[in-house]
Amino acid sequence: MKKAIRVVIARLGMDAHWRGSVVVARAIRDAGMEVIYLGNQMPEAIVETAIQEDVNVIGLSTLSGNHLELAPEVVRLLREKGIRDILVILGGTIPPDDIPKLKAAGIAEVFGTGSSLEKIVRFVSGSD
Amino acid sequence: MTKETEIAKEKKRWEAETLSGQSYKKNVKAMLTGVDLDVDVLYTPADIKDTDYLEDIGFPGEFPFTRGVYPSMYRGRLWTMRQYSGFDTPEESNARYKYLLAQGNTGLSVAFDLPSQMGYDSDNEDIEEEVGKVGVAISTLKDMEILFDGINLGEITTSFTINGIASIILAMYVAVADERGIPREKIGGTIQNDILKEYAARGTYLYPPKPSLRLVADAIEYCMNDVPKFNPISISGGHYRSGGASMVQEASFTMLNGMTYIESIIARGIDVDKFAPRLSYLLVNHCNIFEEVARYRAVRRIWAHVMRDRFNAKDPRSMMFRVYSAGCGDVLTYAEPENNIVRLTLMTLAGILGGSQAYFTPGYDEAYALPTEETALLGLRTQQIIAYESGVPNTVDPLGGSYYIEWLTDKIEDEILKYMKHLEERGNMVELVEQGYIQSEMARIAFEKTKKKMSGEEVVVGVNKFQASEKKEQIQLHQTDPEVIKKRIESVKQVKKERDNDKVAHCLKDLKKAAEGTENMMPYILETVKAYGSVEEIVTTLKEVFGEFKEPLI
């Protein structure tokens, strides 16, 4: 049997807006994947959990404007440990001009306000 | 046959003879209640035959306040136009406040950055990337002096969206007034100080619920004696709603939290009428004007009964649900952002027709970033147009008496009462939050709603219906200058170098002792901030006594 895709979902830094992250976590779980929901965490702790839990995807959520600093930090810490096969995705309030910068920094995909759950699930499951 | 029975009979006839041949939508549900509620194609006096005008609706300014908390409402005084704002540094925010006041804003509303809300000073290296991001950074009294530089605290009122560190901010505001020789009984404003909703909906709690509740009660008691015109708490449902809760949940959580605070003050042996008149509330609303108006009316009626019957309040002011309302940012879309201007107009109209005491119209760019000066101004102009051009303020509760509105007010009241009873049977609000029950109830509704939007069952114009062809949004966004933040961090370090550090240490020691005992902590916090003791120093001291709270898994 094929192993289920494992996803860790975290709210990045101090941002406590939890709705988007919880809703996305539920949708991913309902699609048959395994979700570890972390709540608020800094990049170090997120990467540590991701490695311990042997996840395929890290889903980050932030609406507080810290994304340009903290999201690339998650990718950097992964690369530092030689990890390249964990996908890092980001959702939240992200100004459009920041998206190319985030992608250049190694964020696989950015899902802004109003993104379709279906699209997110397809992306995470690797069928998109 | 009574008149109502005759009307009901006639309506049946009308349905059979006149309506039946028509093609029309059969199953229409209420949109925002979160419960299954059918909306009829037409309402008549027969639908409100059990409503007693004098008992259930009555007159504004009198029990049960269905039509409004003040007798002449906006004819007497317009609502306070209170635009929520704050960003970067105290200097930048001060400039924005002066700008908004010059444009006719009639009260201030301060947004804080996350580190300040979570009890960290700007010079803490761990949180550097969050400084000044979602609001203004406040670390010491020096920042508060700058924030209100050139603004007369005796003339304007200020609302602070602050919770975990609310008592520290209150102390700083009082300290600034003291410095300027403004008598404490002259300063007015509000600290949000509603810690219970932080555990479930907003996240800026610092200690476990019990000591947090003590801090809240300390501030309420302190204001009652020392700063009588200040609202020491704004019991807030809006954050639940923005986090996905339904209208019924928002109202129920708000009132149950309010009851929890009231019980904790009464437990100190204080008479309910001594503090209840200063309690205020915060709700948000969406675009469905009728459901929102009915909701505001239902909540006022329920609260009046709760205060009179459960808490034996005698002073009518204790029974008034005075509400600061806001448009719900959650409704605003990323696609075609200009559409949000229209949505915000509808939301503002709903809040005003609902009888709010103060209103905040967010920026239409909320789905992108913090508002710019232009979008903040547009929000204010929206309110001014409603106030001066629409005629809405000319008569009290203009929608009252509509068969639909009165029927809906009754229905929403029933649903809120039912849900409150369900929650109370499961436990008190502290228990429900510790169990994660409130959180999972919100998540349930949020998930259902998101699915409805995704499937198109719930229409969002420009998003899941009537989309324009691919078009890149051109929108000017608020930008934070990194240099400004760097300077900010230096200035906090400077204050800490220049103050009398022995005095600060001494104040913190006294505060710790008070926290370990049962005394009111407010006077000790005030002494500490006056010595330029910082937010983080006070919070760290209190955490040593109170510990921290760990988020339950949901």
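In chain A, strand β4 (residues 87–92) and β5(A) pair in the parallel sense over 4 bridges. The model is predicted.

**Sheet of chain A**

- Within the pairing of β4(A) with β5(A), I89(A) stands opposite E109(A), a residue of β5(A).
- The open sheet of chain A has 5 strands, ordered β2-β1-β3-β4-β5, and its pairing is parallel.
- At the edges of this sheet are β2 (34–41) and β5 (109–112) of chain A, each of which pairs on one side only.
- From one strand to the next, the twist averages 20 degrees.
- Strands of a sheet pair through backbone hydrogen bonds, in either a parallel or an antiparallel way.

**Contact between the chains**

- On the two sides, 27 residues of chain B are in contact with 24 residues of chain A.
- Helices α5 (114–117) and α18 (437–455) of chain B each supply at least two residues of the side of chain B that touches chain A.
- The largest share of that side comes from α18(B), with 5 residues.
- By class, the side of chain B that touches chain A has 15 nonpolar, 6 polar and 6 charged residues.

**S167(B) in helix α7(B)**

- S167(B) is placed in helix α7 (residues 166–179) of chain B.
- S167(B) counts as buried because it has 26 C-beta neighbours inside 10 Å, where 20 or more are needed.
- Leaving aside neighbours within four places in sequence, S167(B) is in contact with L215(B), D218(B), A219(B), M521(B), M522(B) and I525(B).
- S167(B) and L542(B) are 375 residues apart along the chain, and their C-alpha atoms are separated by 12 Å.

**Helix α22(B)**

- L542(B) is one of the buried residues of α22(B); the others are V535(B), E536(B), E537(B), I538(B), V539(B) and T541(B).
- Helix α22 (residues 535–546) of chain B has 12 residues.
- From its first C-alpha to its last, α22(B) reaches 16 Å, close to the 16 Å expected at 1.5 Å a residue.
- The cover over the buried residues of α22(B) includes α5, α7, α20 (501–516) and α21 (522–530) of chain B.
- After α22(B) comes G547(B), which has a positive phi near 80 degrees.

Notes. Residues numbered from 1 in each chain as written. Chains lettered and ligands numbered in written order. Predicted model: local features only at pLDDT ≥ 70, side-chain atom pairs only at ≥ 80, totals over all residues. Pairing = 2+ DSSP bridges. Axes fitted to C-alpha atoms, helices over the stretch in contact; angles between N-to-C directions. Buried ≥ 20, exposed ≤ 12 C-beta atoms within 10 Å, placed from the backbone. Contact = placed C-beta atoms within 7 Å. Nonpolar A, V, L, I, M, F, W, Y, C, P; charged D, E, K, R; others polar. Expected span 1.5 Å × (residues − 1).
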